[in-house]
Amino acid sequence: MTTTATSSHHLSRLPRPRPWGTAGKLRAWQQGAMEKYIQEQPRDFLAVATPGAGKTTFALTLASWLLHHHVVQQVTVIAPTEHLKKQWAAAAARIGIKLDPDYSAGPLSKEYDGVALTYAGVGVRPMLHRNRCEQRKTLVILDEIHHAGDSKSWGEACLEAFEPATRRLALTGTPSAPTPTPSPSSRTRRATTASAAPPRTTPTATATPSATGSSGRSSSSPTAATCAGAPRPATRSPPASASR
C-alpha cells in the first residue's frame, strides 16, 4: 500500500505533455525561425523538423502573428488525413484561431478564421480553393508537404489551388521523400538535415526534441530538426554560351 501511494505521488509530479500543437513557450529553433520569417517576410517558407520538434506550434504561432498584423485575412491548413485535419482545428482553437474542419463548399461562416482540409479534398475541387485564395489574403499551411506527391492529382491540385495564396508555409519531416509529381514545396529551397549540413549560406535553426515534444507528438529518440526560409522560387541559370 505504501509503495503504491509513493509511486502515485511521484507520478503526479512528472510534467504532463501539453495538448498537441499548443506549447506555452517557443523552443530555440521555433523562436529563431519566427525571427527570420518576420525579418524577411517571405512568401514561401519551408520548415523541416522531426516528429516531436514542434512544427504545429511554430505554424500556429506564425499564423496568429500574420492574422494579428493583417498580413493575411484567413488561414487554410492542408493535412494528410481526416484525423490530422481535425487535430489541427482543435489545436488552432486553443490559441484563438477557429478553423472549420468540415468545410466542403460555399461561403465560409464569419465565425471562422479559415478551414482545415485534406490533400484528397483539395484534389477533388482545386478551383474552389483557388477562388478562396483570390478573394481574401490567405496563409496556406501544407502539413507533411511530401504527401502532395502521393498522387499526381494531389500535387497538381495543390499547385492550381494555392498558386495565388499570399503566404505559403510548408511543413515536413521527410524533405527527401521521392515524389512522382511537383508539389508546392518544389518552389522552395529545401532545408538540409542538421547531421549533414553544408556551410550555412541559408539561415537555419536546429532543435533536439525530447520523447514528448512541445507539439505533443511522440518521438522514439532525440533527433535533429531543421528549418529554412525560401522567399522565392529558384531561377534558371543562363546557357553556358550566353554567359561567356
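Which helix gives the largest share of the lining of the largest pocket? Hold that thought for a second.

Quick caveats: this is a predicted model, where local features need pLDDT of at least 70, side-chain atom pairs count only at pLDDT 80 or more, and totals for chains, interfaces and linings use all residues. Residues are numbered from 1 along each chain as its sequence is written, and side-chain values use heavy atoms, with hydrogens and water left out.

Okay, the pocket. By pocket I mean an open set of points on a 1 Å grid over the protein atoms alone, where a 1.4 Å probe fits, with protein on both sides within 12 Å along at least five of seven lines. Its volume, the space filled by probe spheres set on the points, is about 240 Å³ for the largest one. Lining residues have an atom within 4 Å of a point, and here there are 13 of them, with Gln74, Pro107, Leu108, Arg132 and Gln135 nearest the centre.

So, back to my question: the answer is H6, residues 126-135, with four residues of the lining. Helices here are DSSP runs (H or I, at least four residues), numbered from the N terminus. By class, the lining has five nonpolar, five polar and three charged residues. Nonpolar is Ala, Val, Leu, Ile, Met, Phe, Trp, Tyr, Cys and Pro; charged is Asp, Glu, Lys and Arg; the others, Gly among them, are polar.

Stay with H6, and look at H7, residues 152-162. Their axes, lines fitted to C-alpha atoms over the stretch in contact, with angles from 0 to 180 degrees between N-to-C directions, come within 7 Å and cross at roughly 25 degrees. H6 and H7 are therefore roughly parallel, a label for angles under 35 degrees. In contact, meaning heavy atoms within 4.5 Å, are Pro126, Met127, His129, Arg130 and Cys133 of H6 with Ala157, Glu160, Ala161 and Phe162 of H7. That set has six nonpolar, one polar and two charged residues.

Next pair: H3 (residues 55-68) and H4 (residues 82-94), with axes coming within 11 Å and crossing at roughly 55 degrees. Thr56, Ala59 and Leu60 of H3 meet Trp88, Ala91 and Ala92 of H4. There are five nonpolar residues in that contact, one polar and no charged.

Last one: H2 (residues 28-40) against H3, within 10 Å between axes and at roughly 35 degrees. H2 brings Trp29, Gln30, Ala33, Met34, Tyr37 and Ile38, while H3 brings residues including Phe58, Trp65 and Leu66. Count by class and you get nine nonpolar, three polar and one charged.

How values were computed. Helices (H or I, at least four residues) and strands (E, at least two) are DSSP runs, numbered from the N terminus. Angles under 35 degrees count as roughly parallel, over 145 as roughly antiparallel, 65 to 115 as roughly perpendicular and the rest as oblique.
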